[in-house]
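Welcome! Please take a moment to look at the sequence and the model, and then let us walk through some of the aromatic rings together.

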Amino acid sequence: FVPCRHATLNKRVTAGYIAETRANHARTRRASVENHLNARYRQRRTMPREIITLQVGQCGNQVGAEFWKKLCAEHGINNDGILEEFASQSVNDRKDVFFYQADDERYIPRACLFDLEPRVINGIQNSEIRHLFNPENVFVSPNGGGAGNNWASGYHQGEQVLEEILDMIDREAGYSDSLEGFTLAHSIAGGTGSGMGSFILEALNDRYPKKLIQTYSVFPNQSESSDVVVQPYNSVLTMKRLTLNADAVVVLDNTALNRIAAERLHIDNPSIAQTNTLVATVMAASTATLRYPGYMNNDLMGLLASLIPVPQCHFLMAGYTPLTLDAATEAAYGSVVRKTTVLDVMRRLLQPKNLMVSPHAREKDQDKSRYISILNIIQGDVDPGQLHQSLMRIRERKLASFIEWGPASIQVALSRSSPYIKSSHRVSGLMLANHTSIRHLFNRTLSQFDKMYKMSAYTQTYKDYPMFTRSNAKGIEEFNPEEFEDAREVVGAVSEEYAACEKVDYIEPIDGIGGAVNSLSSGLSGLNV
């Protein structure tokens, strides 16, 4: 600033200079704030919320092995954990959600493998992915005898190795910068997946009370007689822990998996490996938005919050379309390639034949059953305009019946597909749905439980373990029924809650009390973060 001779002009120039300086400072501050907010937003989008996967028992480890094969293929990671040359680092994916990098830059799954007998884990350690997992994160019982399809044995053996289990989980949690939660893969009918899985659920809830716990739980085949005679007992005891200790349970029914393999994939006698591939497909698709982030649904909490308005009702059905097979199986059985559009995929997801839940659960009281919530994860080449039109068409045709007391809408999350896997279909979709008909699956299990328990059939097989033993007045040890009766009451209450959700007056006050409104208001807080 150069001073002028004329005093008035000098004041005007000075005032103009000050005003311009202030404006520049304001613009600088505004730009600084915008840059800071943009940096925070970018950090929030790019910072992973890690998830640790726990595989328990024969079924859990077999499904988990297929899941990791899919994730490695989708992210361009080979069987040794090394990033392939064709896998570009510029691809905006979040490998760190499910993997971490070791000192030699290999990608290691954030996974812990548990089993009480060595056969399945030995198979993994001798397979093509034997170098993928951290060997310190593999636990096999030293005696190797398994749980004998007995829930009590699996639970008791889990108690005995508590420190080893928690040491493995704590070490994995220590590798995480922002741990969001845990995923558990298991079955509910055997001994290890049900019993040891139940114990791990309780231990996680006690050790990490503010972390999400999601499970992929395989329910037994109820259309055929089982070689596990105590299957109803094991199932009800496990379902109690899933009710009290998990935030979300994806129900995968073996009956439906076998039906889908036979009807949709045209495989007459599907093998265990083929049904496990279906489960792994659901697991991989449900995590797609976490691994290939967009503007919404970038974390597990965001996915589950809209699905579970009532914390007790957190059992979810799953459906996937179009289902495909690996190249070798397609060559043997033939592949079915159809034209896929967004409307076609979303319409097929609502068809009962594509849901991985037993027919009796879907068809019983069909006129009364209602959707509580639906989340569709759509992958592929999707035009947002087509998506809006598809939702309008579904609403016009009334293809989905929703509860009367909640929003009748389908939530949609768009996700990019892996650039490293070529698919014969342009669009694919996964549906996660909270549906009241799931209670019929519970009721069938309870009915089988009641028939056996009324006759005290096979209850003596549980008496050898502390939880199911008590001393009578004469000091003689006898069977303690308290755990059985409590588990039956908890599972029955969940079924009744789902039945209540079908009523129009579910959220109306009862006797001056807020009724189910209290449940709704605590729905999000019930999901631990």
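Are Y233 and F484 buried or exposed? Both Y233 and F484 are buried. Keep in mind as you read on that this is a predicted model.

A pair of aromatic rings is described by the distance of the centres and the angle of the planes. In this structure, the count comes to 25 aromatic pairs. One of them joins W151 and Y155 in a stacked arrangement. These two residues sit about one helical turn from each other, because they are 4 residues apart in helix α4 (residues 151–160). W151 counts as buried, with 0% relative accessibility. Y155 also counts as buried, at 7% relative accessibility.

The pair of Y233 and F484 is tilted. It links distant parts of the chain: Y233 belongs to helix α7 (residues 231–245) and F484 to helix α17 (residues 482–501), 251 residues apart.

Here are the two pairs with their values:

| Pair | Arrangement | Centre to centre | Angle between the planes |
|---|---|---|---|
| W151 and Y155 | stacked | 4.9 Å | 20 degrees |
| Y233 and F484 | tilted | 4.8 Å | 55 degrees |

W151, Y155, Y233 and F484 are among the members of one aromatic cluster, which also includes F199, F449, Y453, Y462, F468 and F479.

Now for a proline. P142 lies in the loop between β5 (138–140) and α4. Why does P142 count as exposed? Its relative accessible area is 78%, and the cut-off for exposed is over 50%. The C-alpha atom of P142 is 8.6 Å from that of E117, a residue 25 positions away along the chain.

Key
Residues numbered from 1 in each chain as written. Predicted model: local features only at pLDDT ≥ 70, side-chain atom pairs only at ≥ 80, totals over all residues. Heavy atoms only, no water. Phe/Tyr/Trp six-rings, centres within 6.5 Å; stacked < 30°, edge-to-face > 60°. Buried < 20%, exposed > 50% of the residue type's maximum accessible area, 1.4 Å probe, protein only.
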